Amino acid sequence: MDRLAAMETFVYVVETGSFSAAARRLNIGQPAVSKAIAQLESRLAVRLLLRSTRGLTPTEAGLAFFERAKRAIEESDEADNAARGAASGLTGNLRICAAVTFGRIHIVPHLGPFLDQNPDLNIDLLLDDRNLNLVEEGVDIALRMGALSDSGLTARKIAECRRVVLGTPAYFEKHVEPTCPADLCKHQAVVYALGGGANWQFRNANEEQSVIINGRIRVSAAEGLREAVLAHLGLTMASEWMFAPELTSGAVREVMTDWTLPNQDLWAVFPTGRMASAKARAFVAYVQGLLVKGS
C-alpha cells in the first residue's frame, strides 16, 4: 500500500472509529486495514491509535497525523480536479456540522442541487446544537451562530439575520400583545438557553432597554423551543431563521416591531490551522447564495 493510500486508510479509521467500518468504506477486508495501520505505526515509530473495549481513539500524535493526512488527501484531490478541469466537479467526502433546526430548515432541503452539481461528492452532515470539537469529529466546515467563544478558531462571517419577539395567534388571543419591553413582564416566555437566556436587550430610535423576562419553560435545544411556542405555551425571542416557515405561513407572528434586538450572525468555522478545502469553500458559497435568496 502506497503512502497516500495508507494515510487515507488511517483517516477513515479515525472518522469511523473502527477497522471494520473503515474497511467497508474502502471496500477492502478488515485484515488489510489492520495491516496498513500496523505498517504505518511501524514506519513512523509512534503509536497512532489507542485500542480499548470502547473502540479506537487517536493518540495526540494520531490526531496531529490525522489533521495533516486529511489535508494531504484533500490537496491531492484538488490537484486532480485542477488537472481534469472545473467541469469535473468536486469529489470525495465533505463533513459538515450545523445546528439541528438551522440544518433541518435551511440546509437539508437544498442539498439536492449542490449534489447534482458535484456527482462524485458525498456529504456527512452532523446536526448538533452543541459546539463540537472539529478536529476530534473530523469536521471540514461548521456553521455556527452567535458569538464565537474560541478566539483561536478560523472563522468567517457569512450571513446575519434579525432576531424578533414572536408567538402564535392563539397565544395572543389570550394575552394582550406587547408593544414595548416593559409589557413583557405580563407574559410567559419560552427561554432558549443557547440563544441569550432570559436577558433580552432592545433598542428603538431613542433608547435602549434591557429586560429580564419571566419563563417557566427553559429549553436547551432549538427544536424544543419551537415545539413549546407552537403549542401556545408562551412567546419567545428567536432569529427569523428558526421560525422561517411559520413566519411565512402565519403560524407565528412578530410583535414589538418598533423595537430591534441584536442580529444573529452565522459563521463558517474551519479547524484551526487548516486551509479551507475547495469543497468547503464551494459549500460556504452555496449556503451564502441560499440565504441571500431567502432574505
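**Entry 1: helices and strands.** A helix here is a DSSP run of H or I with at least four residues, and a strand is a run of E with at least two, both numbered from the N terminus. With that settled, I looked up the fold elements and found 10 helices and 14 strands in the protein. I note for myself that this is a predicted model.

**Entry 2: overall extent.** I looked up the box that the C-alpha atoms fill, and along the principal axes it is roughly 70 × 45 × 30 Å. Next I asked how far apart in the chain the contacting residues are: among contacts with a separation of 6 or more, 75% join residues 24 or more positions apart.

Entry 3: What share of the 295 residues is buried? I found 43%. The protein exposes about 15200 Å², and carbon and sulfur atoms supply 50% of that area.

**Entry 4: charges.** I looked up the charged side chains and got 31 positive and 33 negative ones. The centres of these two sets lie 5 Å apart.

**Entry 5: the largest pocket.** I then turned to the largest pocket, which holds about 530 Å³ of space. It is lined by 30 residues, and the closest to its centre are A99, D129, M145, Y192 and L194. Which elements give two or more residues to this lining? I wrote down strand 3 (91–98), helix 5 (100–107), strand 5 (141–145) and strand 12 (236–239). Helix 5 gives the largest share of the lining, with 4 residues. If you are new to this structure, helix 5 is a friendly place to begin looking at the pocket lining.

Methods:
Residues numbered from 1 in each chain as written. Predicted model: local features only at pLDDT ≥ 70, side-chain atom pairs only at ≥ 80, totals over all residues. Heavy atoms only, no water. Buried < 20%, exposed > 50% of the residue type's maximum accessible area, 1.4 Å probe, protein only. Contact = heavy atoms within 4.5 Å. Areas by Shrake-Rupley, 256 points an atom, 1.4 Å probe, with all protein chains shown as cover. Lys, Arg positive; Asp, Glu negative; His and termini not counted. Charge placed at Lys NZ, Arg CZ, Asp CG, Glu CD. 1 Å grid on protein atoms, 1.4 Å probe; cavity = no way out; pocket = protein on both sides within 12 Å on 5 of 7 lines; lining within 4 Å. Points joined across faces, edges and corners; volume = space filled by probe spheres on them.
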